[in-house]
Amino acid sequence: METTTINNNFKSEEYFINMGPQHPATHGVLRLLLTIDGETIKKVEPDLGYIHRSIEKMCERDSYQQIVHLTDRMDYLSSNINNEAVCLAVENALQIEVPERVKVIRTIIGELTRIASHNLWWGVMGMDVGALTTYFYAFRDREMINDIFEETCGARLTMNYNIPGGLMFDIHPNFVKRVKEFITHFKTKLPEYDTLLTNNVIFQKRMRGVGMLSKEDAISYGASGPVGRGSGYSCDVRKLHPYSALDKVTFNEALRTEGDSFARYEVRIQEMWESMAIVEQLIDNIPEGDYQVETNAVIKLPKGEFYQKVETARGELGVYIISTGTKNPYRLKFRSPGFSNLSLLNHIAVGGKIGDLVASMATLDLVIPDIDR
Amino acid sequence: MNLSLSITKNIHDWLFNMMPETLASLVEMTLIALIYLTIFAVIGLFLVLLERKVAAWFQLRIGPNRVGYHGILQTMADALKLVSKELTGTVNADKFLYNLAPYFVIITALMALAVLPFSLEFQAFDINIGIFFLIAISSIGVIGILLAGWSSNNKFALIGAMRSGVQTISYELSVGLSLLTMILITGTLQLSEIVEVQRNGWLIVQGHIPAVFAFMIYMISGTAETNRAPFDLVEAESELGAGFHTEYSGMKFAYFFLAEFVNMFIIASIATTIFFGAWLSPFGITESLPWLGVFWFLGKTLILMFLMMWFRWTFPRLRIDQLLTLEWKYLLPLNLMNIVLMALIVWLNLTIQF
Amino acid sequence: MSYFSDIYKGIKTLLTGMSVTGKYFLHSQKGGITQQYPDNRETLKMFERFRGEVVMPHDVNNQHRCTGCQKCELACPNGTIEIIWDRQVDPETGKKKKLIEKHIYHLGMCTMCGLCIEACPTDAIKWAQNYENSVYDRTTLTRVLNKPGSKLMPGVED
């Protein structure tokens, strides 16, 4: 059939639809400009900036202790890991060696954050493909982690528990007991997730072979975290460049080679198991010692450039500090995992249906404040 | 007048003694219409409450529990709120069709309600092509949805409406064929006679294997007919926001909402009538008290509706092409095979009768 | 035959999925995981480290521990804390010394990061565990933490 071109971008059967900034599937304020032919996606253009708070610029104003609390507000689902990234960068620049206790506690809390994040993602994933009950089952289990955080750090989401040089205060006496309780509880609930959603034939049909991303594309788009690992790209920073106490634990890097939405889904489910294994290895032998080393009240980084990367729940978070020797960074850049993962949305969604777009966007596990910063 | 309006014979006779025949018929019809409107409203409101409660129990929640005893008046309060809300709309909407659409949906639901045999004699309109009438009426409802989506001047609503069209046209077929399978046993389309046939055993027992298949196919396609999860592509919250009723507010939205729940009731009651003996009690234990039939009917319908709610709160949604694959590649061929099987069983007199 | 085995397997996974939700439905009478919040105020106990708002504890003699060193003001990332201070003559020693007039805390700007409490050398401020911080007028969110007429607790500066 001959198609008449209305302008350079549109064919006559195609139409344009605005998904977001307020849309249930965009998890926040992401705006997607979709070009659709019937139900088939022809083009996806993400439009960002609706929750831009210029965190990087604010960091240039703040002292190094104050920067940490801003990172809570970037990827709020893995706020502890973000905090850890900045603290590690500052500690490496100052060449401070933090006590073993701090390293172990940071790792435990980081892995718990990862479980909490993946857990929430699982609930939302179910909701995006239409199974609304998953959300509540996920929140039931996530609530236990939040309680652990609240008891130790005082906050449930934006903890700000790490400071350059260690932790703000020691763990709560109940911490070990509660974490063990959670692990026993969650080990019975995680198989239930599989029975309810993973094995469901409708879910499998929705996920398998959808949102294909080859390893080459994953690397060239800069995908990291479960998105990259779902395509067989071994990119776990915890394995490649271990930080904190991660070099002392044994765990498997969750890796799938299929590269479809279901592979990314499976990677996250397996990561929850691996994170539990890491916590189990560390929780019984938290070494005694100080929970922080004394730093100067005003931290001045030596002149130079410093980079630290960590593995957040979404992928590789890089903190790049340029210091001129003053108490504020000259420039601070966050390499956020969500931004590069979002950039491949067009690549994996084109050719699919609207439902596929929603499902594959859910497997990217986007947190919009992380993308916009 | 040919209508067998026989809810209560006494009122019927009394009215016809009191006034001329034409007037009496009019008054009687008005009365019956009012009764059915009440049934409609009560069923709608009760089902919304039930759905919310059941959903809450599936999801480890409590559900509405503030308005009235254990939240029993919650939906009444919601309805009051919706009545008092402003009726908004889009600027360039096709105003006439936009306003017409909710009535299409609600009137078809009401019409289907009229032929359901709630109990012996409790049936407003015992037409001799009952099943055929139900199938025909239930396809008109989709016109309301299509109009709503088209006239809203909203692309999300339009996508929802188009999906609805595709979905209903496909699944009509399965609903019709699975009911036809059972018609092979009864040999009649009239609902009251179908019930009479089942005095020798419910049709799902009489027809055994093919009847169970037919029932499964009917429940799947019936769920799809009512646009409920896992077939709720028409609304598809995470994809289209609210689908065809995105631009509706207040009472107009409530009409769609109520109609959806009443349609669920209708689908479940057709299943009750065809497969589970309508108002007949199991083994005839309350045969001497025919008025108890209403409770048997509602009880059976409630169980089937619970099944549909169970589907909704467990399964993810299908994609539009998978929805069509399920219908055309699985349900339809199976259905046709099932009809042949049923025909063989009826021909060879292999039905189980007590 | 894979056509029929697919149907069988599909239905089986659907039924096992339904068994999970069905199990929770049957156990639903315990009330689930819902916390009926405004009703459970009496029993709702926050953890002792919970960051509700910053307060300055006073003892029975209306004395606080704040010396006015302004470390909290400096530590705060977003200007939540303002300290208005003055040099006054101490009646006991006769020397001039820094005394706070007002320790102003803008709850509306606070991000609950806890850096001020971490920075305080005399433990003059701490977290309160109250969790209902919403008000009708935002001016009430600006709070003066030291009570009127309060004094510095003796011995804190040593």
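The legends below describe close-up views of a predicted model with chains A, B and C. Residues are numbered from 1 along each chain as its sequence is written, while chains are lettered from A and ligands numbered from 1 in the order in which they are written. Because the model is predicted, local features need pLDDT of at least 70 and side-chain atom pairs count only at pLDDT 80 or more, whereas totals for chains, interfaces and linings use all residues.

**View 1. The open sheet of chain A has 3 strands in the order 1-2-3, with antiparallel pairing.** Strands (E, at least two residues) and helices (H or I, at least four residues) are DSSP runs numbered from the N terminus, and two strands pair if DSSP finds at least two bridges between them. Strand 1 (14-19) and strand 3 (40-47) of chain A stand at the edges, and since each has a single partner strand, one side of each is left without a neighbour in the sheet. From one strand to the next the twist averages 20 degrees, where axes are lines fitted to C-alpha atoms, for helices over the stretch in contact, and angles run from 0 to 180 degrees between N-to-C directions. In a regular strand the side chains alternate between the two faces of the sheet.

**View 2. Strand 2 (residues 31-37) of chain A is joined to strand 1 of chain A by 6 bridges and to strand 3 of chain A by 7 bridges.** Strands 1 and 2 of chain A run antiparallel, and the bridge partner of A:M19 in strand 2 of chain A is A:L32. Strands 2 and 3 of chain A also run antiparallel, with A:D37 standing opposite A:T40 in strand 3 of chain A. The hairpin of strands 2 and 3 of chain A has 2 residues between the strands, and in this hairpin A:G38 takes a positive phi near 65 degrees.

**View 3. Domain 1 (2-47) and domain 2 (55-372) divide chain A.** The domain bounds come from an automatic or database domain assignment. The centres of domain 1 and domain 2 of chain A, taken over C-alpha atoms, are separated by 31 Å. Between them, 12 residues of domain 1 of chain A are in contact with 17 residues of domain 2 of chain A, two residues being in contact if their C-beta atoms, placed from the backbone, lie within 7 Å. The side of domain 1 of chain A that touches domain 2 of chain A divides into 6 nonpolar, 3 polar and 3 charged residues; here Ala, Val, Leu, Ile, Met, Phe, Trp, Tyr, Cys and Pro count as nonpolar, Asp, Glu, Lys and Arg as charged, and the others, Gly among them, as polar.

**View 4. Helix 4 (residues 100-128) and helix 11 (residues 261-283) of chain A pack at an angle of about 155 degrees, with their axes 9 Å apart.** That angle makes helix 4 of chain A roughly antiparallel to helix 11 of chain A, given that angles under 35 degrees count as roughly parallel, over 145 as roughly antiparallel, 65 to 115 as roughly perpendicular and the rest as oblique. Residues making the contact include A:I108, A:E111 and A:W121 of helix 4 of chain A and A:Y265, A:R268 and A:M272 of helix 11 of chain A. The residues of this contact of helix 4 with helix 11 of chain A divide into 13 nonpolar, 3 polar and 4 charged.

**View 5. Helix 5 (residues 130-151) and helix 6 (residues 155-186) of chain B pack at an angle of about 175 degrees, with their axes 8 Å apart.** Among the residues that make the contact are B:I131, B:S139 and B:W150 of helix 5 of chain B, together with B:A157, B:G165 and B:E172 of helix 6 of chain B. By class, the contact of helix 5 with helix 6 of chain B has 13 nonpolar, 7 polar and 1 charged residues.

**View 6. Chain B is divided into domain 1 (1-84) and domain 2 (86-353).** The C-alpha centres of domains 1 and 2 of chain B lie 19 Å apart, and the contact takes 21 residues from domain 1 of chain B and 20 residues from domain 2 of chain B. On the side of domain 1 of chain B that touches domain 2 of chain B, helix 2 (21-58) and helix 3 (74-83) of chain B each supply at least two residues, and helix 2 of chain B gives the most, with 12 residues.
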